[in-house]
Amino acid sequence: MTPQDLVIRMLPAFGGWLALAALALPGGSPPRGAAVAIFLSAGPGAALVRICGPALRSRPAEGPVDRRDADFDRHSDLLERMMLAVLLSVCAVMLVATVLIATHAFSGERVLLILTLLTTLAAFCPRLRASPVPKPGTPPRTRKGSAP
């Protein structure tokens, strides 16, 4: 792994730690709000999408029959990963906040701290391997002893 790969891998976690450091700024200051909002909207999801990246790239996008855009596959896959990162981040924020509310321990700082720790942990996780794409015309694989 090159140093550049390590920096890219740790970028969402760095965003979380920056958001935690921004809590030291006065309440209501724009840099504090921006750092926290940017991390909560994309940080945890970006770390999770990085883990699932090879599995997501194993089946490229299928475009319309008459392609006007030669880079449709690349643009579509990039848009898919960006939207997935945002939606996974929102889901993670909702899940952590709900758990903290249910345990009567909710605070904004705790939500941010837990998500930063989970994002850092996800940054250290290895990527998932993609399963091979079956060739067209081959029958689907079944488990031993199961009906096809």
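What volume does the largest pocket have? In this predicted model, the largest pocket has a volume of about 450 Å³. A pocket is an open set of points, on a 1 Å grid over the protein atoms alone, where a 1.4 Å probe fits, with protein on both sides within 12 Å along at least five of seven lines; lining residues have an atom within 4 Å of a point. Points are joined across faces, edges and corners, and the volume is the space filled by probe spheres set on them.

The largest pocket is lined by 16 residues, of which Ile-8, Ala-46, Val-49, Arg-50 and Arg-127 are the closest to its centre. Two or more lining residues come from each of α1 (3-22), α2 (30-51), α3 (53-57) and α4 (72-102), helices being DSSP runs of H or I with at least four residues, numbered from the N terminus. The largest share, five residues, is given by α1. By class, this lining holds nine nonpolar, one polar and six charged residues; Ala, Val, Leu, Ile, Met, Phe, Trp, Tyr, Cys and Pro count as nonpolar, Asp, Glu, Lys and Arg as charged, and the others, Gly among them, as polar.

The second largest pocket has a volume of about 160 Å³. Its lining includes Pro-12, Gly-15, Ile-38 and Ala-46. The elements that give two or more residues to this lining are α1 and α2, and the largest share, seven residues, belongs to α2. Nine of the lining residues are nonpolar and two are polar, with no charged residue.

Residues are numbered from 1 along each chain as its sequence is written. In this predicted model, local features need pLDDT of at least 70, side-chain atom pairs count only at pLDDT 80 or more, and totals for chains, interfaces and linings use all residues, while side-chain values use heavy atoms, with hydrogens and water left out.
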